[in-house]
Amino acid sequence: MKKLLLLLALGVSLMAESLTLSGSVISDNQKMITSRFMGFVTNVNTSEGEKVKKGQILYTIDSHEIDSMKRQAELSLQMYEDKYENVKLNLQRNKELYKKDMVAKYKVENLELAEKNLQDMIDIAKARLQEVENQYKYLQVKAPNNGVVVAKNIKVGEMAMPGMPAIVLSDLSDLKISVEIAESNLKLIHYGKKVKVEIPSVGVKTIGTVTAIIPNSNPMTHTFKIKVSFKTLNKSVYPGMYATVSIN
């Protein structure tokens, strides 16, 4: 009888050393998509929950801001080119006069220097114009990678603002499970530790690996966040799904 009680107590003790934590599936490569320029949204080509491919156009904005920048760049280039032509004609005239000893040498030298400086300014203005023209490609906001649209905050006719997230894109190829573990249980885990992973809704049961231990505790609950990588086993797993992590 004593042996039986001892075995039962030992079994209970071993079971107590298995810790199960509840968490959620997250994308470790979630991006906030925004536009580089301010402009009205002219077209939206995606919706929440849609899978998109890298390079796919998500939405477009009008070109008013870039059009204005282009006009300014063209005016600057035209101004420098006009000045250059005037200096060039004046230089040729003064070179002829210098040959006849009718103007001082320094005047010719000053005009030559002005011609060189204006040529440099023309080159800079041309480069600026080309840079502005290259910005037109950013009017079409494209997906930086494959993923699923988890949030869409724009509509046709609304103003797109730089820095304001218009679309949230989650990369389904880089999923992890995020759970919180009590400070008192931190001793049970370490980077690279193998743990049991389960996502009940899609029948995933596999072994995962602790890939991150975030050293920033929640002061209210005294818990730490950990991330666990896992294989989806070719199942349709999405961010936000309920998951459990069992630690021995």
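Me: Which residues of α3 are buried?

Reply: This is a predicted model, in which local features need a pLDDT of at least 70 and side-chain atom pairs count only at pLDDT 80 or more, whereas totals for chains, interfaces and linings use all residues. Residues are numbered from 1 along each chain as its sequence is written, and side-chain values use heavy atoms, with hydrogens and water left out. Helices are DSSP runs of H or I with at least four residues and strands are runs of E with at least two, both numbered from the N terminus. If buried means under 20% relative accessible area, exposed over 50% and partly exposed in between (1.4 Å probe, protein chains only), the buried residues of α3 are Val-108, Leu-111, Leu-118, Ile-122, Ala-125, Leu-129 and Val-132.

Me: What do the buried residues of α3 pack against?

Reply: An α-helix has 3.6 residues a turn, so residues three or four places apart point the same way. The cover of the buried residues of α2 includes α3, and, taking a contact as heavy atoms within 4.5 Å, the buried residues of α3 pack in turn against α2.

Me: Which residues are buried in α2?

Reply: The helix runs over residues 64–99, and α3 is among the parts that cover its buried residues. Those buried residues are Ile-66, Ala-73, Leu-77, Tyr-80, Tyr-84, Val-87, Leu-91 and Asn-94.

Me: How far does α2 reach from its first C-alpha to its last?

Reply: The expected span of a helix is 1.5 Å times one less than its number of residues. For α3, with 30 residues, this gives 44 Å, in agreement with the 44 Å between its end C-alpha atoms. For α2, with 36 residues, the expected value is 52 Å, and close to it is the reach in the model, 53 Å.

Me: Leaving aside its neighbours within four places in sequence, which residues is Lys-95 in contact with?

Reply: Lys-95 is found in helix α2 and counts as partly exposed, at 37% relative accessibility. Its C-alpha atom is separated by 29 Å from that of Lys-126, which lies 31 residues away along the chain. Once the neighbours within four places are set aside, the contacts of Lys-95 are Val-108 and Glu-112.

Me: Which residue meets Glu-133 in a salt bridge?

Reply: A salt bridge here is a side-chain nitrogen of Lys or Arg within 4 Å of a carboxyl oxygen of Asp or Glu. Glu-133 lies in helix α3 (residues 105–134), and its partner, 63 residues apart, lies in helix α2. The distance from N to O is 4.0 Å, and the partner is Lys-70.

Me: Which residues are linked with Lys-227 in a network of salt bridges?

Reply: Lys-227 and Asp-28 meet at 2.9 Å, N to O; Lys-227 lies in strand β13 (residues 223–229) and Asp-28 in the loop between β1 (19–27) and β2, so the pair ties together parts that are 199 residues apart in sequence. Lys-176 and Asp-174 meet at 3.3 Å, N to O, where Lys-176 counts as buried at 11% relative accessibility and Asp-174 is partly exposed at 26%. The residues linked with Lys-227 in the network are Asp-28, Asp-174 and Lys-176.

Me: Which are the edge strands of the open sheet?

Reply: Two strands pair if DSSP finds at least two bridges between them. Four strands form the open sheet in the order β2-β9-β7-β4, with antiparallel pairing. The strands that pair on one side only are the edges, β2 (30–33) and β4 (51–52).

Me: Which residue is the bridge partner of Lys-51 in β7?

Reply: β4 pairs with β7 (residues 147–152) in the antiparallel sense over two bridges. The partner of Lys-51 in β7 is Val-148.

Me: Over which residues is the pLDDT below 50?

Reply: The pLDDT is the predictor's confidence in each residue, from 0 to 100, and the protein averages 89, with 93% of the residues scoring at least 70. One stretch falls below 50 and has zero contacts in the model beyond near neighbours in sequence, namely residues 2–16.
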